[in-house]
Each structure stands twice: as C-alpha cells, then as structure tokens.
Amino acid sequence: MAELNTGDGGGKKGGKVRSKKANSKVDLTAMVDLAFLLITFFMLTTTLSKPQSMSLGLPDKEDDKIKEKPIKVDENRTLTVMLGDNDKMVYYMGLLATPIAGPKEISYGKEGIRKELLKRKLSVVEYTGNKDKGLIVIIKPSKKSSYRNLVDILDEMNIVGVPSNAIVNDFSPEELKLLEDK
Amino acid sequence: MAIKMKKKAGSTDMTAMCDVAFLLLSFFVMTATAKIPEALPVDTPASVTQTKLPDTDLATITIGKGKVFFDLKGREVRVKALELMGQKYGVTFTEEETKTFSLMEGVGVPITNLKQLIGMKTSERNKAGLQPGIPKDSLDNQLKDWIYNSRIANIDVNDKELQIAIKGDAKEEYPAIKQVMDILQDQKINNFSLVTGLRATEK
C-alpha cells in the first residue's frame, strides 16, 4: 500500500545535511473507500426517494343526468364493498335484497377481504364460464371513511387482480343503515 | 552487491481511482435534489404498487388537514401557469416574483395572497399552518383554475398532457378526496395517480 513516510531521512549523520526526500505518496485507500461509500449512498437515495404512485382510472362523468346510461351487469358477478368509519368494511355479494353472501363485516388485509376476493374471483369465472367475464367489485366509500381505506382497498384489487372495479358514491338507505348498524 | 529487495508489494496508485470516485460523487451530490421541507406534510397511505411518479409534466395536489396545496413540476411551466392565473384573477407579478415562484415548492394560498407569499423567505414560507390552502369551493374554485391553466401551460411548454397526482393524507376523510376528484373529473381528467408510500411488509 502506498503510505506516508514521515520519518526524516538522516540528520543523525553529522556533517552532511541531506535534503529530505519529497514524500509524494499519500495513502489514498481510506479516501477512496469513503468516496465510494458516499457515491453508493447518493445513487441509492436519488433513485429510491421517488414516491410510488397508483394510477386510477375513473369512468367519464356525464354532466347531463338524463344522458347517463346505467350500466347493467349481472348481479351474480358483483361484490359490493362498503367502507365505513373506524376502518370498518361491510361486503355483500349480489344484490342487497337477495344477497348471495353476506352482508358481513370483514377486515382489511390478507386474512380478511383478500381471501374472500380470491375465492369469489374463482367462483365467478366458474359461474360465467368465460374468463373475460370475471368478478366486478363495487367500492362504496362512505363519508366517514378515510383516504387510507380507499387506497387499501384499491391496493387489494391490484394484489388480487380483480378484473374490474368501480368506485360508486351513491348509497341506498338500506346500505347506510347496514353500515351504521355494524 | 546487495540485491535491493522490494519493500512492499501491491502498492497501487490510487490517484486515478480517487479522481473518478470524486467526480462521480460530485455528480450525484449535484443531481440529488435536496428535500425541501413541505409546507403541508402528509402521511401517505401505503400500497404495493411499484410504479414511480414521472419527473416532468406532473402536477401534485396535496390534501391534508382539510387544506389543498398545489405543486407543479418544471420551471417554465410554472412561469406560464402563473402568468395565466394572473391574467385570470387580475394580479400582475413582476419578473422577480415570477422567478421566485418558479423555484418554489407547492403553494397553498389564495391567488390574492400569493404575492405576499412569494415575498417571504423560504424558511418562513414553509412554517406549519401559515398557508391556508387553495380555495376549492364552488363559489371560489381557484384549484380548478390552477389545474386548468397548468394544463394549458404544460401543453404550451412541453407539448404534452399534464399528469395529475393526488397526494392525500391517510387520515383524510374521503369526501375531501372526492371533492378534488370531482374537480378533476369536471375537466374530463379521468386518469390520475394516487401517491402512496411503499408497503414495508407484505401483510
């Protein structure tokens, strides 16, 4: 390794005064180590600090209510998730009046809604017999639900791979009652 | 006579390596943008999506504590957007003010107070609770105009459609987010991004 020679050459020998040898070699190892460490740090932080984003597509909003065409879907394919306050969530399958499953309170995360979604995703394809006609999830965030709830459920859609989902803001009185009772 | 022994083997000249290392280091230090404290700090909800936000053609709408802040990427776009907003609301900005605005972070004041905000020092500007948020109710919907004019500005400058990202606080109630989404949808923006943090562990 290159090193810094600090010992002065000679001087003990009387008489002749030797000129000092120029110490041109400095140990750069530590410096290079440090430099590369910092490079790594800056490289990683610059690329990793970018925030993640989830893209969200919403259907066209028609200003004219009369022009708005209601989209009819098979009720056997729809699963409605209502987001309530305090991270509560109620889901039911099919129509509320004649539900196939639920209405039941369910939790977020792997053990709760994800299991149900995965199960339903398979059963709906089985029912329709067509891969293109999969599960439709209707997300209804109530006025008291937080933004975290919405992102969580949308994230769940991405994880499970639900073919189509929609965010609907209309609540029927029965649905509101259901949310409040739970 | 005596054979001179090599004192030490493997001494490498590291000068060149050191030079390169520092060159790269200075490059990264310069390109890295310092994190400026946000005027409205928000705690974004986590998700597993890996898509990153673009660096350009982006407007970020920050929602938190009932306030709305608006941020725009790109200096030229900001200048143009400010000019358009000034025209709309009858506020004229000097060249100096425009320049300061182009370097600023997100703003959260009504347009009438923007001049005052620009005049402040950076440290004062980002004091918590100083900026009241951009008005977004139906009587005085400045957020709508900000978005609209920014889109025009972005097309003018970069010839691209502006992307909109919503950065909401996790605890924010849904109606506040919905209001902003509605404003976007009124302008036929049906595709936008939700800024999220990285979910640390798979639950």
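Residues are numbered from 1 along each chain as its sequence is written, and chains are lettered from A and ligands numbered from 1 in the order in which they are written. As the model is a prediction, local features need pLDDT of at least 70 and side-chain atom pairs count only at pLDDT 80 or more, while totals for chains, interfaces and linings use all residues.

Chain B has seven helices and five strands, taken as DSSP runs (H or I, at least four residues, for helices; E, at least two, for strands) and numbered from the N terminus. Read from that end, the order is α-β-β-β-α-α-α-α-α-β-α-β. Of the 203 residues in chain B, 37% are buried, meaning that 20 or more other C-beta atoms, placed from the backbone, lie within 10 Å of the residue's own. Contacts here are pairs of residues whose C-beta atoms, placed from the backbone, lie within 7 Å. Among those in chain B between residues at least 6 apart in sequence, 72% join residues at least 24 apart.

Turning to the partner chain, 44 residues of chain B touch 42 residues of chain A. Helix 1 (15-31), strand 4 (163-168), helix 7 (174-186) and strand 5 (191-198) of chain B each give two or more residues to this side, and helix 1 gives the most, with 10 residues. Strand 5 of chain B also pairs with strand 1 (residues 52-57) of chain A, antiparallel and over six bridges; pairing takes at least two DSSP bridges between the strands. In that strand of chain B, B:Asn191 stands opposite A:Gly57.

Within chain B, helix 2 (residues 75-89) packs against two other helices. The axes of helix 2 and helix 3 (residues 95-103) come within 8 Å and cross at roughly 130 degrees, where axes are lines fitted to C-alpha atoms over the stretch in contact and angles run from 0 to 180 degrees between N-to-C directions. The two helices are therefore oblique to each other, the class left over once angles under 35 degrees, over 145 and from 65 to 115 are taken out. On the helix 2 side the contact involves B:Arg75, B:Arg78, B:Val79 and B:Leu82, and on the helix 3 side B:Thr98, B:Phe101 and B:Ser102.

Helix 6 (residues 142-158) of chain B packs on helix 2 of chain B at about 135 degrees, with the axes 8 Å apart, so this pair is oblique too. Residues that meet there include B:Leu84 and B:Met85 of helix 2, and B:Trp146 and B:Ile152 of helix 6.

How values were computed:
Buried ≥ 20, exposed ≤ 12 C-beta atoms within 10 Å, placed from the backbone. Contact = placed C-beta atoms within 7 Å.
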